[in-house]
Amino acid sequence: MTTYDIALIGFGGVNRTLAELIAARGEALNSELGFGLRVVAITDLRLGSLVRPEGVDLPLALNLAGSETFAEHGGSADTNNESVIRTCTADIICEATFTNPDDGEPAVSHVRWALESGKSVCTTNKGPVALRGAELTSLAEQNGVHFEFEGAVMSGTPVIRLAKKMFAGLKLNAFEGILNGTSNYVLGRMEAGLDFEAAIQEAQALGYAEANPAADIEGYDVQLKVLILANELLEAGIELKDVQRKGISTVTREDLRKASQEGRRWKLVGSARRNPDGTVTAGVAPTALPLDHGLAGISGATNAASFDTDLLGPVTVSGPGAGRVETAYALLSDIIAMHAAKAGAAAHV
Ligand code: HSE
């Protein structure tokens, strides 16, 4: 059976959960998926780096005591990201460091180092995909490896691969979606009578919110996701500045009450549409949707994306858009896709 050696770059919630899945369900995963996974390197800003070509002791790595780093266990207190990524024996790099919306760094470099050294990459990080997606995809092609990023939009809920793989023969003209769980949750709680600050605090306590809540509330998170979907699915060739952005901080409880009386509901909608001249208009803005609109009933932290296709009309997928397990599953789904592509290529030899 094939075993893929993987390196975990960033050992926060997402990669840690992937490691837990492998530790707890490794054997079952092998028989279900037809391949095994072995972690051969971990790097983390706080914990340092640990490289073990024969396989990292996952229970040990997952259960370090409070102030311990990998240095106490034969690793290093430094992350050494470039040297670990370039020289470790991993086939696949799982990149799950923080999203930097300005230039995507250091994640862009992590992905680049991996692809240049002939390693495939899966990431849940919006930064490199939104800001350097085309360049990194082409670098992956040049090096004969994969660059997968399903988790960058709507965590493990299939959106990017769904549209790329399952919409063959359809023309996709536009999409609209609820792509941020925190803002959707906040709007729902405000409708129920909570004030804005209290609703945000609840979302933070539930673990949906970004470290900087402005990313959720002011639409920056959705702006990156719209950019990713527009470029990946509509081949828009646009940049961040081309995605108009307005968040929900100006929506008041009075607005929500008035909308409800008029049979409408406020949602933060991210969308993109191909114009007759071939250009693409993309943006994120709070919108009072009529209740019979497909996105009006999406509640809580749930996300949804509705694709406007020529032959089927709107095709909508809804599901989680955040969460440790849900996002770790996105990485697993990326590796499954890489394995399927390899098996498909082998069948055609
Ligand atoms: N903070 C985001 C949300 C999740 O609330 O949907 C990660 O993109």
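**Reading salt bridges and a sheet**

Author: Let's start in helix α10, where Lys225 and Asp221 both sit, 4 residues apart, about one turn of the helix. Helices (H or I, at least four residues) and strands (E, at least two) are DSSP runs, numbered from the N terminus. The model is predicted, so local features need pLDDT of at least 70 and side-chain atom pairs count only at pLDDT 80 or more, while totals for chains, interfaces and linings use all residues. Residues are numbered from 1 along each chain as its sequence is written, and side-chain values use heavy atoms, leaving out hydrogens and water.

Reader: What do the side chains of Lys225 and Asp221 meet in?

Author: A salt bridge means a side-chain nitrogen of Lys or Arg within 4 Å of a carboxyl oxygen of Asp or Glu. Here Lys225 and Asp221 form one at 2.6 Å, N to O.

Reader: Are Lys225 and Asp221 buried or exposed?

Author: Buried means under 20% relative accessible area, exposed over 50%, and partly exposed in between (1.4 Å probe, protein chains only). Both Lys225 and Asp221 are buried.

Reader: Which residue meets Glu232 in a salt bridge?

Author: Lys164 does, at 2.6 Å from N to O. Glu232 belongs to helix α10 (residues 220-233) and Lys164 to helix α6, so this pair ties together parts 68 residues apart in sequence. Glu232 is buried at 19%, whereas Lys164 is partly exposed at 42%.

Reader: What is the strand order in the open sheet?

Author: Strands of a sheet pair through backbone hydrogen bonds, either parallel or antiparallel. Two strands count as paired if DSSP finds at least two bridges between them. The 6 strands here follow the order β3-β2-β1-β4-β5-β6, with mixed pairing.
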